[in-house]
Amino acid sequence: MNKTILLNNRPVGLPKLSDFKFVSEPLPHISSGEILLKSKYVSVDPYLRGRMRDVKSYIQPFDLGKPIVSGIVAEVLESKNTNFVKGDFVSGMLEWKEQQISNGEDLTKVDPKKAPLSAYLGILGMTGLTAYLGLTEIGAPKKGETLVVSGAAGAVGSIVGQIGHILGLHVVGIAGTDEKVAMLKSKFGFDETINYKTTKNMTEAIAAACPNGVDVYFDNVGGDISDAVLFNINKFARMVICGAISVYNALAMPKSLSVQTFLIRNSALMQGFIIFDYKEKYPEAIRQLAQWLSEGKLTYTETIREGFEEIPQAFIDLFSGGNKGKMVVKI
Ligand SMILES: NC(=O)c1ccc[n+]([C@@H]2O[C@H](COP(=O)([O-])OP(=O)(O)OC[C@H]3O[C@@H](n4cnc5c(N)ncnc54)[C@H](OP(=O)(O)O)[C@@H]3O)[C@@H](O)[C@H]2O)c1
């Protein structure tokens with residue numbers, strides 16, 4: 001039998017295990033033009049929370065009673081499609097199923113000899129693309145400037161900080177444990193760090209960590225942390241609004257600062273970022289990330305949970321900081 005994970009309820013607040021449902025169905029059989037895939041690594045991502053709401057967004061909401069979809073690296077078990085052979089590995093947006101059928105459209109072949117399979121969901125996948133393109137396209141970083149990154153010890157944030165370091169910026173990372181902020185300096189080359197959970201006055205802490213003010217802010221979290229950054233921005237600052245995890249589970253629209261006066265006073269730019277708007281730039285971004293990786297200028301960390309049954313809990317744990325770097329589930 002083949003296990004599948006369905007969206008059972010639209011979560012209210014923090015998602016719960018009961019919002020997901022495991023079902024078993026007979027193993028699939030393929031027809032001409034199709035391939036049979038076995039999931040190897042499943043990506044769990046904060047943005048999936050948005051797709052669990054029934055609201056209009058940049059991407060369709062998940063249907064109740066239907067499988068959840070996320071980035072998955074899978075092995076081709078059987079092929080009746082001339083583009084794939086048994087033993088190929090592919091990456092793409094696939095269903096939370098142990099095995100599934102695909103017609104091969106929108107799947108990318110990945111090479112386990114060039115990088116570990118899980119890296120194609122992280123630094124060489126959507127995570128790396130988000131970090132690189134968000135920072136370079138909207139952040140427009142310049143050598144000598146100051147970059148602040150929230151969610152800095154997570155998948156995207158840890159790469160953003162390293163790219164800032166490579167490009168010669170003063171890089172400040174904000175994360176939620178002492179262990180995480182220590183890792184930002186020791187492993188990822190951040191210059192200064194702030195643990196937002198133990199810091200009483202974030203505005204003052206950011207000012208201290210950024211003696212020349214903030215030129216680029218890469219925002220993964222929104223909320224109070226981002227409000228504190230606003231008090232420290234420089235003239236012509238650029239703010240990349242990549243994520244807002246601190247409000248994804250909010251039951252009511254949060255009250256936050258009125259940003260207009262900060263933007264006007266500083267001729268500053270605040271721009272929302274969606275990775276899918278930059279598809280034509282993916283090949284160049286991946287080439288650059290792979291080059292830095294092979295040169296040892298970039299590194300990454302992963303939190304790997306094991307077992308198909310662990311997928312929902314791994315997803316839920318993103319909202320309490322249960323990951324360092326990219327959270328993936330190995331099947
Ligand atoms: N716009 C796009 O195209 C795009 C693409 C990919 C990702 N994203 C967004 O980018 C952000 C980062 O994604 P990711 O995949 O790299 O996830 P991630 O940062 O690896 O995982 C989430 C992390 O967020 C932190 N967090 C959780 N609740 C928080 C809160 N209330 N306040 C502050 N921090 C909190 C936790 O770290 P701590 O222990 O430090 O709290 C947790 O480890 C997310 O908001 C995601 O939605 C956007």
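Predicted model: local features only at pLDDT ≥ 70, side-chain atom pairs only at ≥ 80, totals over all residues.
Residues are numbered from 1 along each chain as its sequence is written. Local features need pLDDT of at least 70, side-chain atom pairs count only at pLDDT 80 or more, totals for chains, interfaces and linings use all residues, and side-chain values use heavy atoms, with hydrogens and water left out.

Let's start with helix 3, residues 155-166 (helices are DSSP runs of H or I with at least four residues, and strands are E runs of at least two, numbered from the N terminus). Ten of the twelve residues are buried (under 20% relative accessible area with a 1.4 Å probe, protein chains only). Among them are Ala155, Ile159 and Ile163. Their cover includes helix 2 (126-139) and strand 8 (146-150), counted by contact (heavy atoms within 4.5 Å). After the helix comes Gly168, with a positive phi near 85 degrees.

Now to the ligand. Its shell holds 28 residues, and Lys180, Tyr196, Tyr248, Phe273 and Asn323 are the closest (a residue belongs if one of its heavy atoms lies within 4 Å). The table gives polar contacts, pairs of N or O atoms within 3.5 Å.

| Residue and its polar atom | Distance to a ligand oxygen |
|---|---|
| Ala155, backbone | 2.8 Å |
| Asn220, backbone | 2.9 Å |
| Asn323, side chain | 2.5 Å |

Taken alone, the ligand exposes 910 Å², and the protein buries 92% of that (areas by the Shrake-Rupley method with a 1.4 Å probe). Helix 2 and helix 3 are the elements that give two or more residues to this shell.

Methods. Expected span 1.5 Å × (residues − 1). Buried < 20%, exposed > 50% of the residue type's maximum accessible area, 1.4 Å probe, protein only. Polar contact = N/O pair within 3.5 Å; in protein donor to acceptor, adjacent residues only side chain to side chain.
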